[in-house]
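Please read these notes with the model open beside you, and follow each point on the structure as you go.

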Amino acid sequence: MEPAPNDTGEADEQYGSFTTGGGDVVVYDTDNPEAWLQSSYAVEVGPSSERTSA
């Protein structure tokens with residue numbers, strides 16, 4: 001797999017991601033072109049995605 005443009009906004013990050021034309025998300029390691037994964041489903045991780053109990 002060829003390295004892809006990093007659309008995460010940080011050029012110095014070890015990991016990058018992009019969305020394919022078919023809507024899949026690909027996450028890859030910029031230091032190792034053989035380390036990547038592709039998924040048709042993605043969720044945001046972080047404080048903004050945490051649920052609060054009601």
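1. D29 lies in strand β2, where a strand is a DSSP run of E of at least two residues, numbered from the N terminus. This is a predicted model, in which local features need pLDDT of at least 70 and side-chain atom pairs count only at pLDDT 80 or more, while totals for chains, interfaces and linings use all residues. Residues are numbered from 1 along each chain as its sequence is written, and side-chain values use heavy atoms, with hydrogens and water left out.

2. D29 counts as buried because its relative accessible area is 12%, and buried means under 20% with a 1.4 Å probe, protein chains only. Leaving aside residues up to four places away in sequence, D29 touches Q14, Y15 and A35 (contact means heavy atoms within 4.5 Å).

3. The side chains of D29 and Q14 are joined by a polar contact of 3.1 Å, that is, a pair of N or O atoms within 3.5 Å, of which, within protein, one must be able to donate a hydrogen and the other to accept it, and residues adjacent in sequence count only if both atoms are side-chain atoms. The D29 side chain also reaches the backbone nitrogen of D31, at 2.7 Å.

4. Strand β2 pairs with strand β3 (residues 32-39) in the antiparallel sense over five bridges, whereas pairing requires that DSSP finds at least two bridges. The two strands, β2 and β3, form a hairpin with two residues between them, and V27 has L37 as its bridge partner in β3.

Terms used:
Helix = DSSP H or I, 4+ residues; strand = E, 2+ residues; numbered from the N terminus. Buried < 20%, exposed > 50% of the residue type's maximum accessible area, 1.4 Å probe, protein only.
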